[in-house]
Amino acid sequence: MRTHAQAVVIGGGVIGCSILYHLTKLGWTDVVLLERDELTSGSTWHAAANIHGLHDSTNISRIQHYTMGLYKELEQETGQGCGVFQPGSLYLAQTEAREHQLKLQAAKAKLYDMNFFEVDRAEAERLHPLVDFDGIRCIMWEPEGGNVDPSGVTNAYAAGARQNGAEIIRFCPVTGTEQQADGTWIVRTEKGDVATPWVVNAAGLWGREVAALAGVELPLQPTEHQYFVTETIAEIDAMDRRLPSVADRDGEYYLRQEGKGLLVGAYEKDYRFWAEEGTPQGFGHELFADDLERIEDNMMRAIDRVPVVGTAGIKRVINGPMIWSPDSNVLFGPVPELTGYFCCNGIIPGFSQSGGMGLLAAQWMIEGETKYDMFAWDMARYGTWAGKAFTKARVGDQYANRFKIHFPNEERAAGRPVRTRPAYSMQRDMGAVMGLNYGWEHPLWFADEPEVEDTDGFTRQNWWEPVGAECRMLRDTGGIIDISNFAKYVCKGPGAEEWLNAVFANRMPRLVGRSCLTPLISKRGGIAGDFTVTRLGDDEFWIIGSGMAERYHARFFKQVPLPTGTTFESHTEAMCGFNVAGPQSRAMLQRMTNASLANEDFPFMRSARIELAGVEVLALRVSFTGDLGWELHCATEHQAQLYTALIEAGRDIGIGPVGSRALMSLRIEKGYGSWSREYSPEYWPQEVGLDRLIKMDKEFLNKDAVAEVLTQTARESLVLLHLDETDTEASGADATGGEPVFSGNNGVGRVTSGAYGYTVGMSLALAYVKGVGPGDRVDVMVLGRPHKATILDAPPFDADGKRLRG
C-alpha cells in the first residue's frame with residue numbers, strides 16, 4: 001500500500017471508481033482508492049442503472065451524453081464488459097406542462113446536436129407494442145437511452161484506473177482524515193496511512209460519516225427506494241429485439257426491460273427515511289424488507305399504461321437505500337473552508353452522470369476549474385443553515401416529487417423558513433410572496449392580501465400582473481426593494497487596497513466615497529463574479545456581490561493571502577439593505593435626511609454614510625433597476641425600523657414595496673446581466689462586455705488566463721432580444737432562460753434570462769448568440785416552439801443613462 005499519493009479517493013462505488021479513472025486519464029497516475037468493503041458496496045450494486053441524456057440543465061445534459069458515450073469506449077479500453085443496453089427510451093407527456101417541457105428539451109437537443117426528437121403514435125407503437133398510448137399528448141424518442149450493469153461499469157472504471165497506475169485497496173475502512181499544517185492530509189486506515197494533497201469523499205451512503213472525520217457536516221439524508229422485476233412475459237420472450245424503456249413521469253414510475261420481463265420502479269408519496277442518525281458501519285450488500293403496498297398507486301398507473309405488468313408475476317423486489325441532497329443534485333467540489341478536500345456526495349442518477357462527474361472532478365483538482373459552469377452541483381450552494389431539519393424536509397419533498405416538473409421561477413415550501421430577517425413578518429403581512437435565496441426568505445412579489453402563493457407553469461402565472469404593477473409603480477414614481485440577500489463584505493487595514501487590487505481585475509477606487517464595478521476572473525479566464533467595491537475610508541472598503549455565491553466566492557478570496565494587519569469579513573448577516581429607485585426616489589429620501597441628495601452633491605456611483613429617519617445607513621448611488629436610485633445598507637437590528645420609515649414616507653406619493661421578480665424585469669429592460677445567468681466562468685469578459693473593466697497594467701488573480709482569453713475573438717455575444725407577441729406559436733409565455741435561439745435551421749445561441757418588460761411593453765430576453773447581430777430576426781424556442789424575435793441595438797429603457805445619472 002502506497003504511503004504517498006497525489007489524491008486519495010474514499011469510496012469504491014461507481015462514482016469513486018470513475019473519479020479515480022479520470023484522474024489517471026488526465027495525468028495523475030499516483031492515486032489511491034480506499035474501499036471499506038468490496039467494490040459496489042452500498043447503493044451502487046442494487047441500482048436500476050438506467051441511462052438517459054436529456055436534462056432541464058444544458059450542462060448536465062452535456063455530461064450525461066458524455067457518460068452514455070463513454071461506456072462502450074471503456075469496454076474497448078479495459079476488456080471489462082459494462083452490460084450496455086441501448087434500445088432507446090420513450091418519453092410520454094400526459095399534460096400540457098409536460099409537453100412544454102419535452103418540446104423545450106427537444107429544441108435544446110437540436111441546438112446541441114443531441115439525439116432526442118418527437119415521434120408519432122404509430123412509430124411509438126412500433127417501437128414498444130406493449131404500451132397503451134391513449135391519453136398521451138406528445139411522445140419523444142431518445143435512441144441511445146437504456147441501462148447498464150452496475151457491477152460491470154464500476155469494475156470497468158476500476159480496471160481502467162489500475163491499467164493507468166492507480167492502486168485500489170479493498171476491505172480498508174478509513175479511520176481518520178487529518179489535515180497537516182501545510183494543508184496536506186494524512187488519511188488513516190488500519191492497513192497504514194497515506195499522505196496526500198487531495199482527499200476525495202465519494203463514500204456514498206457513508207458520505208456524512210467520512211465528512212465528519214474532517215469536521216464537515218454535509219446536508220444528506222438516505223431513503224428507502226423500491227423497484228421490482230417481473231417473471232418472464234411471453235410477449236417479450238417472443239420478440240427478437242429489446243424493448244425501449246418508458247419514461248412516463250406524469251405517471252410517477254419508470255419502466256424498462258430486464259431479462260425477458262420488465263423492471264418497474266417508483267418514487268412514492270409514502271416515503272421512508274433511513275439511517276437518520278448515521279449509516280451503519282456494517283451495512284454493505286443488505287436490502288430492506290419488501291413493502292410494495294407503499295408503491296401500489298404507482299404500480300397501478302404503470303399497469304394502466306403497460307397492461308402486461310398486471311398479469312406478470314413478480315420475480316424479485318429490490319428495496320435498498322439511496323442518499324439524497326436537499327435538491328437531489330450532487331454535493332460537488334472542494335470544501336471552501338478547507339484546502340484539498342473534494343466532495344462528490346448525494347448522487348441519484350449515478351449511472352447517467354458517473355462519467356461526466358468523474359471527468360469534472362478530475363478537471364477541478366488537476367486544472368483548477370471545470371470546463372462547464374456547474375454551480376447547480378456545487379456544494380457551496382448550501383451553508384451551515386442547511387441543517388438536519390431542512391435537509392429531511394427537502395429530501396422528503398424531492399423523493400415524493402421526483403418526477404414533478406421543475407418550472408421556471410418555482411419556489412417549493414418544504415423546510416422553510418430557515419433564515420429570516422427582522423422585516424420578514426412585516427413583509428408577509430403586506431402580502432409578500434416569499435422566495436428562498438441561500439437560506440434567506442425574501443419577497444418575490446406582493447399580493448393584495450397575505451398568504452397568497454405562486455402558481456407554477458411555463459406560461460404566465462398568477463404573479464404576472466401584480467409584478468407588472470410593481471414595475472410600473474417604480475418607473476412612474478418609485479419602489480422599495482429588499483436587497484438584503486446581496487453578499488456584503490468589509491475589507492479593512494493598511495493592506496486593504498493592495499489586497500483588493502490583487503483579487504479583482506479592475507482598479508480599486510482611490511478616493512473616499514467612490515465606487516467601481518469589477519469582475520472576478522476564473523481559472524480559465526472567464527467571469528467568476530461581478531462586484532461593486534466602494535471606498536469608505538483610507539483603509540476601508542465595502543464590497544457587494546452575489547448572495548447565493550458567497551461560499552463559492554470564498555474559494556477565490558482565500559487564494560490571495562491577506563497582508564499583515566488587514567481583515568476581510570462577511571457582513572451579510574450583520575447588515576441589511578434596501579434599494580429605493582424611481583424618478584421620485586430622491587424627493588422621497590430627501591424628506592428623510594438632512595444630507596443633500598442633489599445630483600451635484602451625490603452623483604451616480606458615489607457613496608456616503610448618512611442618517612435616514614434616525615437610522616445610520618451607508619448610501620450608495622447605484623441601482624440594479626437601471627433607474628435613479630440609492631442602495632441603503634443598515635445594521636440588521638435596524639432593518640424593520642428603516643423599512644417602516646421607507647414604506648411610510650413613500651405611501652403618500654405612490655411609492656411602495658417591490659419584489660425581486662419585478663427587479664428581474666427592470667434589469668432586463670436595461671440589459672443588465674446577472675451572475676449565474678449572464679456572468680459565469682464559461683463566458684469570456686469580451687463576450688459579456690466586461691473587458692473594459694479589466695486593468696492589465698496591474699497584477700490580479702488569474703491575470704495570465706484572462707490575458708490569453710483577451711487575445712482571442714469572442715466566440716459569441718450577449719444581446720437583448722425583443723420577442724414578437726403577435727406570434728401566436730408561443731403567445732402567453734415569456735422566455736425564462738435556456739431556450740435555444742435559431743436563425744433559420746441553424747442554432748445560433750440560447751437565452752440566459754427572460755422576462756416581460758412591463759414599462760417598455762416588450763417581451764424581452766438576454767441571450768448569447770453568434771453569427772447574428774442587431775436588427776436580425778431570429779427564432780426563440782419558447783415552450784419549445786419557434787417564436788419570432790428581433791435583436792435590439794440598445795436597451796429599450798434609458799439607453800443613454802439619463803435617468804440613471806440624473
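C343 has its nearest cysteine sulfur in C344, 8.7 Å away. For C634, the closest cysteine sulfur belongs to C576 and sits 5.9 Å off, too far for a bond.

Are C343 and C634 buried or exposed? With a 1.4 Å probe and protein chains only, buried means under 20% relative accessible area, exposed over 50%, and partly exposed in between. C343 is at 0%, so it counts as buried, and C634 is buried at 0% too.

## Where the picture comes from

This is a predicted model, where local features need pLDDT of at least 70 and side-chain atom pairs pLDDT 80 or more, while totals for chains, interfaces and linings use all residues. Residues are numbered from 1 along each chain as its sequence is written, and side-chain values use heavy atoms, leaving out hydrogens and water.

## The sheet

Now for the strands, which are DSSP runs of E with at least two residues, while helices are runs of H or I with at least four, all numbered from the N terminus. Eight strands form an open, mixed sheet in the order β5-β6-β4-β14-β15-β16-β13-β17. Strands pair if DSSP finds at least two bridges between them. β5 (117–118) and β17 (314–324) are at the edges with a single partner strand each, so one side of each has no neighbour in the sheet.

β5 runs antiparallel to β6 (residues 138–142), joined by two bridges. Along this pair, E118 stands opposite M140 of β6.

Technical notes
A disulfide is a pair of cysteine sulfur atoms within 2.5 Å.
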